[in-house]
Amino acid sequence: MKSNFKYDKLTPMLKHYVDVKNDFRDSILLYRVGDFYESFFDDAIITSKALSLTLTGKDCGHEKKAPMCGVPHHVIDSYAFKLVKQGYKVALCDQVEDPKEAKGLVKRAITRVITPGTITDMESLDNRENNYLLSLFQNDYGLSISYCDISTGKLVCLEIKGLSSSLAKKAIDQIERINPSEILINSDFSDNVLKRYFNDNEIFLNYIENPKDYLNRASMIKNHLGETNFKKISNMRLAILSLANLIDYIYKYHKDNLSHINNIEVLEINDYMQLEANTRRNLELHRNLNNNTKENTLLSILDKADTVMGSRLINEYLERPLIDRDKINRRLDIVESFLEDRILSNNISNILSDVYDLERLIAKISYKRANARDFISIKNSIANMPKLREILEASESEQIRNIALNLPDVSDIYELIDKAIVDDPPLGISEGGIIKDKYNTELDSLKIASKNAQSDLILYENEEKEKTAIKNYKIVFNKNNGYSIEITKANLDKVPKNYVRKQTLKNQERYTSERLEEIANIILGGKDKLNELEYKIFSNIREKILANTIKLQALAKMLAMIDALNTFAKIALENSYIRPKLRDDNIIKIKDGRHPVIENNLKENEFIPNDTDIGSRENLIQIITGPNMAGKSTYMRQMAIIIILAQIGSFVPARACEISICDQVFTRIGASDNISKGESTFMLEMNEVSNILKNSTKDSFVILDEVGRGTSSDDGLSIAMAIVEYLSKHKKVKTVFATHFHELTILEDELENVTNLKIEILEENNNLVFLRKIKKGKSDRSYGIEVAKLSGLPNEIIDNAKIIMDKLSTNEIFEINKSKELSSSIADISNQKILAIKNLASAVDINSLTPIEAINKLNDLLKKIGEL
Ligand SMILES: Nc1ncnc2c1ncn2[C@@H]1O[C@H](COP(=O)(O)OP(=O)(O)OP(=O)(O)O)[C@@H](O)[C@H]1O
């Protein structure tokens with residue numbers, strides 16, 4: 001399209017547009033013109049389609065107009081977000097000098113490039129989740145990840161060590177935890193596993209040219225984040241490289257002030273429970289397996305925080321369960337104190353529900369996109385801090401009182417905003433109406449002068465009305481023409497000579513006079529001055545608030561912590577959770593444990609609780625048998641979830657619970673195909689099991705659900721047995737193994753640490769009743785056919801299946817019919833059915849039947865014959 005327009009013939013502005021676009025070819029360029037961001041040429045066509053906006057044209061020096069599409073500047077963030085959601089990068093080219101002072105074309109430059117990871121618009125982002133931009137650096141020496149949520153300022157760095165063969169997998173686990181919206185990766189990375197992962201998952205990727213100059217990279221980090229921050233990572237060479245790419249990308253594309261990004265958190269991944277990506281998915285911690293949303297996940301149970309900051313922290317807790325006993329107990333102590341003091345907990349809840357998203361508000365102030373309403377939100381959020389401090393100080397718990405001691409004092413910020421900003425300011429920041437009276441004397445005198453001029457105007461209007469004797473004489477204001485005297489055509493003969501005509505309208509004429517000009521100049525000039533001064537004062541207040549960034553961020557962090565732990569207390573109360581005790585002998589004992597999500601979907605008392613006792617020498621590996629649908633998977637998942645809940649510092653759904661801290665939880669559940677990755681269901685299953693066997697330790701907890709079912713029964717059973725033997729003899733890791741291979745239960749007698757468990761059912765009048773109770777012992781069979789019957793499979797299939805099963809159990813089907821096709825076996829079965837009908841018919845005693853009974857019997861027989 002652009003090639004149809006010769007560059008030399010373009011107007012200067014469009015030449016500049018094309019020049020800028022050449023530097024940002026991969027982005028949609030939106031170019032500030034007056035109150036609009038405009039796109040031209042091909043970008044205009046894309047923008048108009050993507051945003052359903054009208055495509056117009058602009059004179060461009062050619063006969064034909066250049067395609068043009070515009071977006072009002074005040075809604076640019078939401079439109080840019082829509083484009084980014086559709087996979088585009090958006091470059092904003094702003095006016096970087098005051099148009100009034102510009103000589104020739106107003107100077108413009110790219111101020112922001114918006115991508116999924118750099119969105120900062122509060123309205124567009126999900127406020128209960130972080131929005132991370134992640135940078136991954138990989139070379140022959142290892143791998144590091146740095147990630148940042150620009151909208152809150154959170155910045156984290158980590159290095160992944162270990163065997164090079166396992167690095168990529170560990171990186172993927174971290175990526176899945178962090179759940180970034182965009183990834184930066186050095187363009188010369190060579191890991192095939194990562195390459196495949198990026199290909200298979202729709203990730204917004206940016207390849208970053210690998211800069212060779214290491215020292216330069218390090219000093220760039222120092223420049224942006226300071227010496228103290230740099231010291232935290234000075235001996236982490238790989239982390240420096242991923243962080244440098246991240247910082248470079250952020251600052252290159254965000255010309256704003258980013259003073260809210262001021263702290264590097266160095267994360268040691270081994271300080272947290274290891275939870276692999278597939279385990280997180282299987283346990284449905286953040287997303288469900290059904291439609292990948294938050295619905296029916298553990299997070300949905302926990303995410304009841306009063307503030308969005310609390311929500312994000314709960315998310316983070318769930319991403320990284322703790323393994324440090326003291327840290328876990330510290331969280332649990334606070335939860336317990338809140339739970340014991342209901343008045344305190346309710347008061348905290350009430351206060352916090354009036355707190356806005358301080359983290360994102362501070363960020364917004366830092367990149368200068370906050371308005372006066374945001375200041376009021378900050379003021380209202382901190383208005384209740386003295387009350388919060390007071391109630392925390394009054395607590396009986398020393399830990400809670402310590403929280404009060406550590407709450408930063410932000411009363412000066414409250415006072416500043418309260419003194420300076422009106423309670424209900426406008427959205428805009430350049431049209432005045434923001435600053436309170438008595439805050440600034442210069443502003444006050446300007447306001448008085450402007451008010452006086454307004455009175456002069458009214459006075460002048462009244463005097464002139466009287467003098468001219470024009471009844472409907474009036475002075476009007478209009479944005480383009482300023483103040484004018486409006487006189488209807490019928491009164492034109494009464495217009496004084498000193499009036500100068502300004503404009504002719506259909507029924508009236510507009511005039512001005514020397515005196516009116518004088519007054520108007522004071523009003524309008526005063527208004528401009530007023531607005532300018534208000535803006536200056538507003539900017540000054542913004543700087544003062546910014547100077548308190550660290551204090552406000554510390555407050556936000558503490559409020560998030562109080563909120564998260566108070567939420568745990570509220571959930572514990574509502575759902576009858578109890579405090580888990582921590583022990584260190586590898587044993588886990590749970591009395592009446594429940595699955596928090598499934599229980600939540602059932603009516604009260606419908607969920608059947610079950611006990612757990614695992615980890616002792618004779619009770620390390622548990623083989624669970626029981627019918628389909630009995631509740632085996634639920635039971636195993638509930639154990640893992642209770643462990644995770646305990647280690648994030650939450651109370652747990654049980655009547656009593658003692659946990660030995662687990663370093664890792666592994667799950668091998670379900671048979672999700674992975675054909676696109678070149679792996680069959682069985683291959684995937686074996687890969688996962690082999691990973692568990694390699695990486696689990698005696699402190700881990702392992703769930704294996706029906707391992708071995710992906711191949712023939714003989715192969716599957718043999719593999720399952722060998723796995724249990726290996727776990728029992730070599731790994732000695734707490735394992736629960738649910739299976740339909742009942743032969744596995746013989747291992748209880750052969751291996752000292754294996755125990756059998758079963759889930760009981762009742763068979764009543766040919767129907768199954770699920771009791772959902774776990775007991776010691778083994779189940780005799782799987783009742784698959786009975787469960788299939790419950791699913792509504794046609795009776796014919798169910799009956800046939802029963803007959804086939806009888807034959808299978810005696811091996812008849814193979815022995816009698818070795819030479820026959822399966823279809824003739826089925827024919828055999830039909831013959832048996834005919835025999836059954838014959839038997840039924842011959843059992844009828846005609847003499848004892850009433851006519852009605854005879855008809856019914858005949859009906860039954862005909863029905864059975866019809867089923868043949
Ligand atoms: N303890 C329980 N109390 C009440 N309902 C339960 C309980 N456990 C399981 N259920 C219900 O039974 C359903 C089936 O449970 P689950 O998937 O755990 O069975 P399963 O034994 O693993 O079956 P399969 O062998 O077919 O995989 C669950 O979705 C849940 O609705």
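Student: At what angle do the axes of helix 14 and helix 17 cross, and within what distance do they come?

Tutor: Axes are lines fitted to C-alpha atoms, for helices over the stretch in contact, and angles run from 0 to 180 degrees between N-to-C directions. Helices (H or I, at least four residues) and strands (E, at least two) are DSSP runs, numbered from the N terminus. Here the axes of helix 14 (residues 372–383) and helix 17 (residues 411–420) come within 9 Å and cross at roughly 135°. This is a predicted model, where local features need pLDDT of at least 70, side-chain atom pairs count only at pLDDT 80 or more, and totals for chains, interfaces and linings use all residues. Residues are numbered from 1 along each chain as its sequence is written, and side-chain values use heavy atoms, without hydrogens and water.

Student: How are helix 14 and helix 17 oriented to each other?

Tutor: Angles under 35 degrees count as roughly parallel, over 145 as roughly antiparallel, 65 to 115 as roughly perpendicular and the rest as oblique. Helix 14 and helix 17 are therefore oblique to each other.

Student: Which residues make the contact?

Tutor: Contact means heavy atoms within 4.5 Å. Helix 14 contributes Phe 375, Ile 376, Ile 378, Lys 379, Ile 382 and Ala 383, and helix 17 contributes Ile 413, Tyr 414, Ile 417 and Asp 418.

Student: How do strand 16 and strand 17 run?

Tutor: Two strands pair if DSSP finds at least two bridges between them. Strand 16 (residues 500–504) and strand 17 (residues 508–512) run antiparallel, joined by four bridges. Val 500 has Thr 512 in strand 17 as its bridge partner, and a hairpin of three residues links strand 16 to strand 17.
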